[in-house]
Amino acid sequence: MKPPSRGFDRLAPWYRAAEFLAFGRDLERARFQYLGELAAASRILLLGEGDGRCAERVAAQCPKAVILCVDSSPGMVARAMRRVAGTPDAGRIRFVCADALTFEPGPERFEAVATLFFLDCFRPEQVAALAERVGGVLTADAVWLFSDFVLPPGGWHRWRARAWLAFLYAFFRWETGLAVRALPPSEEILAGLGWRRCSKRDRQGGLLRSAVYRRGMPIR
């Protein structure tokens, strides 16, 4: 969970440690689960990139790709730039500090987009608007990598997930001013816009989900 605001700047130095204390390596595993799906892409858009871990991994796995990273936190952008500086792939990675809801990438078209623990920071109508805008800069056969918190369908895992989500939203509301108080139905919104899930992997009893979406593919 990563709020799209400058309030996240003060969390940047210890965000990785905090997520490890809460979920071990599972958040990172969820982010990286399907990065191999991007191997054939030549232009990749990473929204809410954070501290650069994903950009660094994507660049290593996609040696021919140009990667555009968008994040609204100056502190996170600076941290990400330091992470990739001096690496052999640094020249293929561009960072932009901007609000993903209003960012205009220009005439370029991307073959892949990744929103990794990012859409949970928006209201449903914002997710829908963002998904429509992003869809307009993607190629017809583009892939959308999705990783986020979800509510399991039932049982004690659902109660556990509700408790975690209530804590996380309360924490980020206090620490950063995040206005969102509940998960948006991001996957339903993507499906309504013609995106179909072709792979998924859940962790932490169904609280963390990684998925691959493509336009027109059968849902699984």
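These legends describe close-up views of a predicted model.

**Figure 1**
The predicted protein chain has 7 helices and 7 strands. Along the sequence, their order is α-α-β-α-β-α-β-β-α-β-α-α-β-β. The chain counts 220 residues, and 51% of them are buried. Of the contacts with a separation of 6 or more, 70% join residues 24 or more positions apart.

**Figure 1. The largest pocket and its lining.**
This pocket holds about 300 Å³ of space. Its lining is made up of 14 residues. Nearest the centre are Val 150, Leu 151, Pro 184, Glu 187 and Glu 188. Two elements to look for are strand 5, residues 138–149, and helix 7, residues 186–192. Each of them supplies at least two lining residues. By class, the lining has 9 nonpolar residues, 4 charged ones and 1 polar one.

Arg 92 sits in the loop between helix 4 (74–84) and strand 3 (93–97). Is Arg 92 buried or exposed? Arg 92 counts as buried because its relative accessible area is 17%, under the 20% cut-off. Its side chain has polar atoms close to two backbone oxygens. The backbone oxygen of Ala 59 is 2.9 Å from a polar atom of the Arg 92 side chain. For the backbone oxygen of Pro 63, the distance to a polar atom of that side chain is 3.5 Å. Leaving aside residues up to four places away in sequence, Arg 92 touches Ala 59, Cys 62, Pro 63, Lys 64, Ala 65, Val 66 and Ile 67.

**Figure 2. Val 66, a contact of Arg 92.**
Val 66 belongs to strand 2, residues 66–71. Its relative accessibility is 36%, so Val 66 counts as partly exposed. Val 66 and Arg 92 are 26 residues apart along the chain. Their C-alpha atoms are separated by 4.9 Å. Beyond residues up to four places away in sequence, Val 66 touches Ser 42, Arg 43, Ile 44 and Arg 92.

**Figure 3. The loop with Phe 117 and Asp 120.**
Asp 120 lies in the loop between strand 4 (110–116) and helix 5 (124–135). Phe 117 is also placed in the loop between strand 4 and helix 5. Asp 120 is buried, with a relative accessible area of 0%. Phe 117 is buried too, at 1% relative accessibility. Phe 117 is not a glycine, yet has a positive phi of about 55 degrees. Most residues other than glycine have a negative phi. The C-alpha atom of Asp 120 is 9.1 Å from that of Val 150, 30 residues away along the chain.

**Figure 4. Gln 204, between two strands.**
Gln 204 is in the loop between strand 6 (195–203) and strand 7 (208–215). Gln 204 has a positive phi of about 55 degrees, although it is not a glycine. With a relative accessible area of 21%, Gln 204 is partly exposed.

How many disulfides does the structure hold? The number is 0. A disulfide is a covalent bond between the sulfur atoms of two cysteines. Cys 97 is partly exposed, at 40% relative accessibility. Cys 198 is buried, with a relative accessible area of 10%.

Note on methods. Residues numbered from 1 in each chain as written. Predicted model: local features only at pLDDT ≥ 70, side-chain atom pairs only at ≥ 80, totals over all residues. Heavy atoms only, no water. 1 Å grid on protein atoms, 1.4 Å probe; cavity = no way out; pocket = protein on both sides within 12 Å on 5 of 7 lines; lining within 4 Å. Points joined across faces, edges and corners; volume = space filled by probe spheres on them. Helix = DSSP H or I, 4+ residues; strand = E, 2+ residues; numbered from the N terminus. Nonpolar A, V, L, I, M, F, W, Y, C, P; charged D, E, K, R; others polar. Buried < 20%, exposed > 50% of the residue type's maximum accessible area, 1.4 Å probe, protein only. Polar contact = N/O pair within 3.5 Å; in protein donor to acceptor, adjacent residues only side chain to side chain. Contact = heavy atoms within 4.5 Å. Disulfide = S-S within 2.5 Å.
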